[in-house]
Amino acid sequence: MTARAVRVACLLAVAGSLAFGANLTIQGVNRAEFWAYRDNWATHAEDKLDLNLKYGDLKGGLGLFLFEPSQPWTAIKKPLRFFDYTVAYSPKQLEVLYGQFYQTFGKGLTLRAYSDDDFRHYKSLNGLRGIAHLPFSTDVVLLGARMRDLFFQEGAYKIMNVTDTTDQALGADLSSRPFEWGGLGARYVRVNRDSTKDRTARAFTELYGGDIAATAGPLDFYGEICQRLGTKSGLGGREKGLGYYLSATAAFSGYSVVGEYMNYDRIGFPTGVYHWNDPPTPIKSGVALNRGEDEKGFGIIATATPVGTLYLEGDYGRLYKHKDPNSGVVEWEGKSRYSLGTDWTVEAKFNHMVQQNVELHVLSRGTDKPSVLVNYLLGQSTFALEGEYNFVTEGRDDTPAEPNVDYHETALALSYGYGQALLFTVGWQYVDKKLDIRYAGQQSWPMFETVWSITERNVLRVRIGAERGGYTCSGGVCRFESPFTGAKLQLISSF
């Protein structure tokens, strides 16, 4: 081959490389935070980067996580650093993935691993997963993985399954929707545990079941069932559980109704602070009793737009234990929203909730919370006023001097926004009684916050002041947030 031919071949190779390189896409989100506590001058630094790459049929992902609290460190509050990666081959009808991923089968009765940035909950799987996209809208998922349940609670990140990180899961899921009017699914999950924790011959748990969905005009129906076969720890013998979830939706012009019913009896696994599966809860605020171990309940949501811009919504949910209907939670809420032209929007709602034996040491807690939100748009300026007043009745078993207490919580916020770039908020929270356990004796929490959209892809949030904290839930997972006083900076960048 002549030198010219060699040069031509090299140029063609470079051109081919550039052509393939044009298919390379990179996307990602980075969230960086810094907290400074006023009381003890402690700090909290956190960064979470999720990077996704695609090159032809190849996909990749990088995940970086850093949590760095200031010293002195404790067994609970200590630094954490993770480097996660994903490599996948993904042509049109197939995907084979190795590394970190999230996966939910059905509604989560058998398996639910997910990421929730707002609630700071990252329940991820690490291992091998294959997905096949078959004819007739049929997907098959096969996986083998271990779990890491990273959760933020009381000012620190914690691995909830730190004593069970060697547990292994093998799973298969079939989801088929071959007809316009419906379809079905089937799934199986087996969790293998360390034999030092359970020396029985069958020291594993199986969760399996299926679902069916159907549509008839404005009506949608869905049902899912899950059977659990486990082993009694240390004693041997099989332990059985059964759970099912049903829902129906009716949607007409301007009106809709959604109904849910669930019955979970010993399907939550393992028992305790973390689960491989997290079934749905009917409670709108996200409260659950024990996430599938012993729960039964129902929920209904009705919405209507009867005239013009008037929107109405009503929600009712109840969740209780099978053998103890007095231990559970009931919540109902009514909401209305009305827009006056394009400038004014007024929203009012009333929430009522009663919890019995849900929080640790709280025998009962009843709340009645009216709230109002008013928005006004003037040119590029937006004004908002939000307020709520909460009537609380609480009974505890760890305060013998005052086991029953009534108090009131007030929250006010006034906001001003200019265009899409700036938003300023002044807020104040107040409780009219000193509560040493729930709010560490604090009663007033003022704060000021600025949100600056530096560019379309970079948003800076600065908050100075105090936060009340307290018991909060999302999707059936709950935690206690400690009160905070100091400053928080958050920068979210997407690219």
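**View 1. Arg 438 pairs with Glu 394 in a salt bridge, with 3.1 Å between the closest N and O atoms.** A salt bridge here is a side-chain nitrogen of Lys or Arg within 4 Å of a carboxyl oxygen of Asp or Glu. This pair ties together distant parts of the chain, 44 residues apart: Arg 438 sits in helix H2 (residues 436-439) and Glu 394 in strand S23 (residues 381-396). Helices (H or I, at least four residues) and strands (E, at least two) are DSSP runs, numbered from the N terminus. Arg 438 is buried at 5% relative accessible area, and Glu 394 is buried too, at 4%. Buried means under 20% relative accessible area, exposed over 50%, and partly exposed in between (1.4 Å probe, protein chains only). A housekeeping note: this is a predicted model, where local features need pLDDT of at least 70 and side-chain atom pairs count only at pLDDT 80 or more, while totals for chains, interfaces and linings use all residues. Residues are numbered from 1 along each chain as its sequence is written, and side-chain values use heavy atoms, with hydrogens and water left out.

**View 2. Arg 463 and Glu 467 meet through their side chains in another salt bridge, 3.1 Å from N to O.** Arg 463 counts as partly exposed at 23% relative accessibility, whereas Glu 467 is buried at 19%. The whole structure has 36 salt bridges.

**View 3. Lys 48 and Asp 50 belong to a salt-bridge network that also takes in Arg 31, Glu 33, Glu 46, Asp 117 and Arg 120.** The closest N and O atoms of Lys 48 and Asp 50 are 2.4 Å apart. Lys 48 is buried, at 8% relative accessible area, but Asp 50 is partly exposed, at 32%.

**View 4. Gln 490, in strand S30 (residues 484-494), reaches Glu 33 with a side-chain to side-chain polar contact of 2.7 Å.** A polar contact is a pair of N or O atoms within 3.5 Å; within protein, one must be able to donate a hydrogen and the other to accept it, and residues adjacent in sequence count only if both atoms are side-chain atoms. Gln 490 is buried, with 17% relative accessible area. Leaving out residues up to four places away in sequence, Gln 490 touches (heavy atoms within 4.5 Å) Arg 31, Ala 32, Glu 33, Arg 120, Val 459, Leu 460 and Arg 461.
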